[in-house]
Amino acid sequence: ANSTFTIPVAGTWEFNILIHCFNFAVLGNTTTILYKNGSAQSPVYIAGGPTGQDVEYQWNPTILLAAGDVVSVYIYSPTTFSIGATSNRSNYFSGKL
């Protein structure tokens with residue numbers, strides 16, 4: 001699985017993104033960005049916490065798309081942390097028309 005989705009039908013799409021960030025090394029802002037065909041659409045910021053803190057982040061952006069557009073999600077951070085799932089948590093990226 002990856003964070004890329006090719007749009008099959010034109011329209012207004014809602015995306016569902018849930019990310020678990022574990023063990024922030026230092027306080028810092030992390031940016032989650034939705035891209036359309038390689039161009040950033042809407043940055044959303046999440047704050048890290050003290051050393052060792054875990055953060056759960058959910059985002060539901062809505063965007064008008066054409067059939068064949070490619071949407072992807074990327075995370076940028078000035079700090080070190082892990083993204084992943086534990087036995088009681090999961091990450092996801094999905095879209096619906």
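Contact here means heavy atoms within 4.5 Å. By that rule, in this predicted model, threonine 32 touches Ile19, Ser42, Pro43, Val44, Tyr57, Trp59, Val73, Tyr74 and Ile75, leaving out residues up to four places away in sequence. Threonine 32 is found in strand β3. The relative accessible area of threonine 32 is 0%. Buried means under 20%, so threonine 32 is buried.

The nonpolar core was examined next. In soluble globular proteins, nonpolar side chains tend to be buried together. The largest nonpolar core of the model has 14 residues. Those with the most contacts inside this core are Ile7, Phe15, Leu34, Trp59, Leu65 and Val71. Four strands each supply at least two of its residues: β2 (11-22), β5 (55-59), β6 (62-65) and β7 (70-76). Strand β2 gives the most, with 5 residues. Trp59, one of the residues with the most contacts inside the core, is also touched by threonine 32. Leucine 65 is in contact with Ile7, Ala10, Gly11, Trp13, Phe15, Lys36 and Val71, its neighbours within four places in sequence set aside.

Aromatic residues were then considered. A pair of aromatic rings is described by the distance of the centres and the angle of the planes. The structure holds 5 aromatic pairs. The rings of tryptophan 13 and phenylalanine 15 have centres 6.4 Å apart and planes at 20°. Planes under 30 degrees apart count as stacked, so this pair is stacked. Tryptophan 13 has a relative accessibility of 5% and counts as buried. Phenylalanine 15 is buried as well, at 0%. Phenylalanine 15 also forms a stacked pair with phenylalanine 93. Here the distance is 5.8 Å centre to centre, with 20° between the planes. This second pair links distant parts of the chain. Phenylalanine 15 lies in strand β2 and phenylalanine 93 in strand β9, 78 residues apart. Phenylalanine 93 counts as partly exposed, at 21% relative accessibility. Ring pairs link Phe5, Trp13, Phe15 and Phe93 into a cluster.

Charged pairs were also searched. Side chains of opposite charge can pair when their charged atoms come close. The count comes to 1 salt bridge. In this bridge the side chains of glutamate 14 and lysine 96 meet, at 3.8 Å from N to O. Glutamate 14 lies in strand β2 and lysine 96 in strand β9 (residues 92-96), so the pair ties together parts that are 82 residues apart in sequence. Glutamate 14 is partly exposed, with a relative accessible area of 26%. Lysine 96 is also partly exposed, with a value of 47%.

Most residues other than glycine have a negative phi, and most peptide bonds are trans. Asparagine 37 has a positive phi, near 50°. The place of asparagine 37 is in the loop between β3 (29-36) and β4 (39-47). Asparagine 37 is partly exposed, with a relative accessible area of 44%. Threonine 32, by contrast, is buried and found in strand β3 itself.

Definitions and conventions:
Residues numbered from 1 in each chain as written. Predicted model: local features only at pLDDT ≥ 70, side-chain atom pairs only at ≥ 80, totals over all residues. Heavy atoms only, no water. Buried < 20%, exposed > 50% of the residue type's maximum accessible area, 1.4 Å probe, protein only. Core = buried A, V, L, I, M, F, W, Y, C linked by side-chain atoms within 4.5 Å. Salt bridge = Lys/Arg side-chain N within 4 Å of Asp/Glu carboxyl O. Phe/Tyr/Trp six-rings, centres within 6.5 Å; stacked < 30°, edge-to-face > 60°.
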